[in-house]
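Thanks for coming, everyone. Please have a look at it first.

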Amino acid sequence: MQHIITAGIDGSVESLDAADWAAREALRRGLPLQLLHAGEEPGARTGLPELDVPADRVRHTLEDAARQLSYAHPALEITRRRAAGPAADALVSAAGSSEALVLGSRGFTGFAGFLVGSVALAVSARATCPVILVRAGERPEDEHWDSEAGPYRPVVLGLDLDHPSDDLLAYSFEAAATRRAPLHVLHTWTVPLAPSASAVDPVAEKRAALAAALSPWRSKFPETEVSEKVLHGRASHHLLMASTKASLLIVGRRVTSGARLGPVAHSVIHHSLCPVAVMPH
């Protein structure tokens with residue numbers, strides 16, 4: 001794996017907003033940024049404006065994006081790469097040699113949802129590195145309280161205690177540490193539809209399990225403020241509520257389940273009000 005952050009670029013507003021988020025993430029982590037344009041190269045000029053103008057836009061996509069980001073982030077090392085073939089396959093391949101892959105999603109309004117394209121969904125379900133989906137219109141100040149100069153909003157992790165993952169926890173603690181932000185860890189549960197007479201309140205047991213899962217990571221990141229909550233109800237509901245005050249929302253994807261997103265990941269990437277990182281584990 002190369003120590004780089006990769007951003008998928010297609011010339012759309014949402015991909016440029018995602019690339020700017022990726023640039024800030026690369027600076028936070030002290031890594032170079034790679035801009036990747038995937039897809040077939042445009043053909044030769046035809047002399048027809050309705051064909052040549054869009055083709056020229058594709059040809060200049062990488063250069064224009066790199067120029068804009070260089071002006072905005074002069075200290076950042078930026079490289080450009082083109083990849084032929086289907087976009088999803090090229091992006092998944094790039095994920096295999098990246099520390100994170102950043103893609104854009106098109107915003108609607110509030111909890112009405114975000115349009116996440118088929119390419120972004122396919123990549124999120126197959127990539128071997130964290131895939132961060134950034135909504136169109138995401139601004140640097142959105143990650144902070146009050147203003148861009150203020151402290152970062154919390155990083156939120158949704159943790160499944162049946163499948164806790166060191167990779168997922170490491171990524172979450174590192175994300176909070178690089179921002180000097182608090183880490184809020186949420187675990188949700190629901191009672192059985194038909195509880196037996198011997199059923200007991202699982203809250204105490206789950207709180208103990210959550211504390212045990214986080215204990216070694218608190219020791220590794222002693223300067224990171226960590227809060228933990230065990231909540232009753234649907235995971236997607238609680239995570240979406242938490243996303244309204246977060247700088248980043250992190251959910252896991254179990255690779256043993258195949259190349260697909262679970263219902264919680266699928267819900268939050270369509271409705272979260274902050275960037276969402278889908279972490280394979």
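First, the rule for a cavity. On a 1 Å grid over the protein atoms alone, a cavity is a set of points where a 1.4 Å probe fits but cannot get out, and lining residues have an atom within 4 Å of a point. Grid points are joined across faces, edges and corners, and a volume is the space filled by probe spheres set on the points.

Now the ground rules. This is a predicted model, with pLDDT of at least 70 needed for local features and 80 or more for side-chain atom pairs, while totals for chains, interfaces and linings use all residues. Residues are numbered from 1 along each chain as its sequence is written, and side-chain values use heavy atoms, with hydrogens and water left out.

So, how many cavities of 30 Å³ or more are there? The count is two.

Take the largest cavity. Its space is about 60 Å³. The lining has 10 residues, and Ser 105, Leu 133, Ile 269, Ser 272 and Cys 274 lie nearest the centre. Strand β6 (residues 131-135) gives the largest share of that lining, three residues. Strands here are DSSP E runs of at least two residues, helices are H or I runs of at least four, and both are numbered from the N terminus.

What is the lining made of, by class? Seven residues are nonpolar, two polar and one charged. For the classes, Ala, Val, Leu, Ile, Met, Phe, Trp, Tyr, Cys and Pro count as nonpolar, Asp, Glu, Lys and Arg as charged, and the others, Gly among them, as polar.

Where does the largest cavity lie? Domain 1 (5-138) and domain 2 (150-280) both give residues to its lining, so it lies between them. Those bounds come from an automatic or database domain assignment.

Next, the second largest cavity. About 40 Å³ of space lies in it. Glu 25, Arg 29, Tyr 171, Glu 174, Ala 175 and Thr 178 line it. Two elements, α1 (13-29) and α6, each give two or more residues to this lining. Helix α6 gives the most, with four residues. By class, the lining has three charged, two nonpolar and one polar residues.

On to packing. The largest nonpolar core has 48 residues. A nonpolar core is a set of buried Ala, Val, Leu, Ile, Met, Phe, Trp, Tyr and Cys residues joined through side-chain atoms within 4.5 Å. Buried means under 20% relative accessible area, exposed over 50%, and partly exposed in between, with a 1.4 Å probe and protein chains only. Leu 33, Leu 35, Ile 132, Leu 248 and Ile 250 have the most contacts inside this core. Helix α6 (residues 166-179) supplies the largest share of the core, seven residues. The core lies between domain 1 and domain 2, because both give residues to it.

What does Leu 33 touch beyond its neighbours within four places in sequence? Its contacts, meaning heavy atoms within 4.5 Å, include Ile 5, Ala 19, Leu 69, Leu 76 and Ile 78. There is also a second, separate core of 32 residues, with Ala 38, Ala 94, Leu 239 and Val 268 among them.

The whole chain, quickly. There are nine helices and 11 strands. Of the 281 residues, 49% are buried. Among contacts between residues at least 6 apart in sequence, 76% join residues at least 24 apart.

Last, some loop residues. Arg 180 sits in the loop between α6 and β8 (183-189). Its phi is positive, about 55°, although it is not a glycine. Most residues other than glycine have a negative phi. Is Arg 180 buried or exposed? At 80% relative accessibility, Arg 180 counts as exposed.

Now Thr 224, in the loop between α7 (203-220) and β9 (226-232). At 12% relative accessibility, Thr 224 counts as buried. Leaving out residues up to four places away in sequence, Thr 224 touches Phe 173, Ala 176, Ala 177, Ala 181 and Leu 183.

His 144 is in the loop between β6 and β7 (155-158). With a relative accessible area of 7%, His 144 is buried. Its C-alpha is 9.6 Å from that of Ala 181, 37 residues apart along the chain.

Ala 84, in the loop between β3 (78-83) and α4 (87-95), is exposed, with a relative accessible area of 64%.

Notes: 1 Å grid on protein atoms, 1.4 Å probe; cavity = no way out; pocket = protein on both sides within 12 Å on 5 of 7 lines; lining within 4 Å.
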